[in-house]
Number of protein chains: 2
Amino acid sequence: MSTGTRRRLGVEERRQQLIGVALDLFSRRSPDEVSIDEIASAAGISRPLVYHYFPGKLSLYEAALKRASDDLAGRFTEPHEGPLGARLLRVMARFFDFVDEHGPGFSALMRGGPAVGSTTTNALIDSVRQAAYEQILAHLGVGEPPARLELVVRSWISLAESTALIWLDGRRVPREELEVQLVQSLGALLAVSAAHDTETAELLRPLLKQEPGDGPFTDLVTRLVTLAS
Amino acid sequence: MSTGTRRRLGVEERRQQLIGVALDLFSRRSPDEVSIDEIASAAGISRPLVYHYFPGKLSLYEAALKRASDDLAGRFTEPHEGPLGARLLRVMARFFDFVDEHGPGFSALMRGGPAVGSTTTNALIDSVRQAAYEQILAHLGVGEPPARLELVVRSWISLAESTALIWLDGRRVPREELEVQLVQSLGALLAVSAAHDTETAELLRPLLKQEPGDGPFTDLVTRLVTLAS
């Protein structure tokens, strides 16, 4: 867009441009602190023109959140090839890329941002969680999960969310360490469940057999055995 | 209160009675579905009199939430005696008692209830999380936690929250099973962190040495060893 030539944008094109500008601002500072004036200025248009495309800040915020949600959900997609641990590691790296890129906006959203309680916002957050959940089940090769497996996977997703939020607050632990540990934590939580439930144990057995010696799950077991001795 | 004798209550006494009645209703059905009329009727007073004590439903909701938060935070208190695993099991049992007693209200609150986004509500939720966090650190015998330990404990707290929420949605897994597994999950997550970090490992070593053969941590290791063989 650096042609230097000014031209009139079509309605949908202008909406998309505004969403991009707003998302960028909402990602760099808490959305509460971003004004419509600032969005208008960053987009190079007047404040009334912003209102022509979006009735208010909430609708622009929701549109930006929709784009971010689609982006995040897309990052969970990972080919079903190779060992599970390595696949999950790649997904975690992309998840932390996203969190890194949208830090302040992600924090504000998850801790209660400007649109908190809005049905649209809650539905978007839930849809991303659901996408993450379905992707993980697909990688585990499970179509209809037993209640215990569903519980482990869904609660691990909130563990990953809060880990990312705590990481953003000061970044006192390198993200690469957390990416590995989240994958290993999923393994550990599944192991706790499998320790009590044969069905979960039987689901996991074939997956673990495919894990190579240099994968994150083998790494965890090796480290724990070393620690215990 | 079953004396059958009607008497005028003092202002603070009436407020406390209304909070109790409201909390009971908010615990049994989603707070969104509970009306001021219903609260007035359950308290045996007129609707205008409710408004005399509380300017609106939100302020009554916040007062009820304050009472519930104090109650929950109080349940985390556990004498520093005996092995860690057994202490945590008792805390988890009281946590699930609370979740069980306040089911619909707890779900609504955590998923975005009527007062979502209210500063008071968020502060109350955070204060309960903070109380849980400080209690766990005290049981671990840690005053100023390293960043990695803080991360594990805080993210485990959100794992416990979401486990309770998922449990409430259908109660498809016995709560006793989840209570044990949450304690074991904390152990497993701490182990994952210790596997990467000497400081965490050194903090945990003396605690594990005090664990008896019939505690939840030994139980987990025994089960995993059996499963692996």
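This is a predicted model: local features need pLDDT of at least 70, side-chain atom pairs count only at pLDDT 80 or more; totals for chains, interfaces and linings use all residues.
**Figure 1. Helices make up the secondary structure of chain A.** Chain A has 11 helices and zero strands. Read from the N terminus, its elements run α-α-α-α-α-α-α-α-α-α-α. The C-alpha trace of chain A spans about 65 × 35 × 35 Å along its principal axes. Chain A has 229 residues, of which 36% count as buried. Of the contacts in chain A between residues at least 6 apart in sequence, 70% join residues at least 24 apart.

**Figure 2. Chains A and B superpose by a turn of 180°.**

**Figure 3. Chain A and chain B each give 33 residues to their contact.** On the side of chain A that touches chain B, the elements giving two or more residues are α8 (147-168), α9 (175-196) and α11 (216-228) of chain A. The most comes from α9(A), with 12 residues. By class, this side of chain A has 16 nonpolar, 12 polar and five charged residues. The copies meet through the same surface, because 100% of the interface residues of chain A are also interface residues in chain B.

**Figure 4. The largest nonpolar core has A:Ala22 and B:Ala22 as the residues with the most contacts inside it.** This core has 118 residues. Neighbours within four places in sequence aside, B:Ala22 is in contact with B:Ile39, B:Leu60 and B:Ala64. Two of these partners, B:Leu60 and B:Ala64, are in α4(B), and B:Ala22 itself is in α1(B). The packing of these two helices is the subject of the next view.

**Figure 5. Helices α1 and α4 of chain B cross at roughly 85°.** Helix α1 of chain B covers residues 11-28 and helix α4 of chain B covers residues 57-75; their axes come within 9 Å. From α1(B), the residues in the contact are B:Leu18, B:Ile19, B:Ala22, B:Leu23 and B:Phe26. They meet B:Leu60, B:Tyr61, B:Ala63, B:Ala64, B:Arg67 and B:Ala68 in α4(B). The contact of α1(B) with α4(B) has 10 nonpolar residues, no polar residues and one charged residue.

**Figure 6. Helices α9 and α11 of chain B cross at roughly 80°.** The axes of α9 (residues 175-196) and α11 (residues 216-228) of chain B come within 9 Å. At this angle α9(B) is roughly perpendicular to α11(B). On the α9(B) side the contact is made by B:Val180, B:Val183, B:Gln184 and B:Gly187. On the α11(B) side it is made by B:Pro216, B:Phe217 and B:Leu220. Five of the residues in this contact are nonpolar, two are polar and none is charged.

**Figure 7. Arg171 has a positive phi in chain A and in chain B.** A:Arg171 is not a glycine, yet its phi is about 45°. The residue lies in the loop between α8 and α9 of chain A. A:Arg171 counts as exposed because it has 12 C-beta neighbours inside 10 Å, and the limit for exposed is 12 or fewer. In the other chain, B:Arg171 also has a phi of about 45° without being a glycine. B:Arg171 is found in the loop between α8 (147-168) and α9 of chain B. With 12 other C-beta atoms within 10 Å, B:Arg171 is exposed.

**Figure 8. A:Arg129 and A:Ala138 lie in helix α7 of chain A.** Helix α7 of chain A covers residues 119-140. A:Arg129 has 16 C-beta neighbours inside 10 Å and so counts as partly exposed. A:Ala138 has 14 other C-beta atoms within 10 Å and is therefore partly exposed. A:Arg129 and A:Phe98 are 31 residues apart in sequence, and their C-alpha atoms are 14 Å apart in space. A:Ala138 and A:Leu23 are 115 residues apart in sequence and 30 Å apart in space, C-alpha to C-alpha.

Definitions and conventions. Residues are numbered from 1 along each chain as its sequence is written. Chains are lettered from A and ligands numbered from 1 in the order in which they are written. Helices (H or I, at least four residues) and strands (E, at least two) are DSSP runs, numbered from the N terminus. A residue is buried if 20 or more other C-beta atoms lie within 10 Å of its own, exposed if 12 or fewer, and partly exposed in between; C-beta atoms are placed from the backbone. Two residues are in contact if their C-beta atoms, placed from the backbone, lie within 7 Å. A nonpolar core is a set of buried Ala, Val, Leu, Ile, Met, Phe, Trp, Tyr and Cys residues joined through C-beta atoms within 7 Å. Ala, Val, Leu, Ile, Met, Phe, Trp, Tyr, Cys and Pro count as nonpolar, Asp, Glu, Lys and Arg as charged, and the others, Gly among them, as polar. Copies are superposed by least squares on the C-alpha atoms of residues with pLDDT of at least 70 in both. Axes are lines fitted to C-alpha atoms, for helices over the stretch in contact, and angles run from 0 to 180 degrees between N-to-C directions. Angles under 35 degrees count as roughly parallel, over 145 as roughly antiparallel, 65 to 115 as roughly perpendicular and the rest as oblique.
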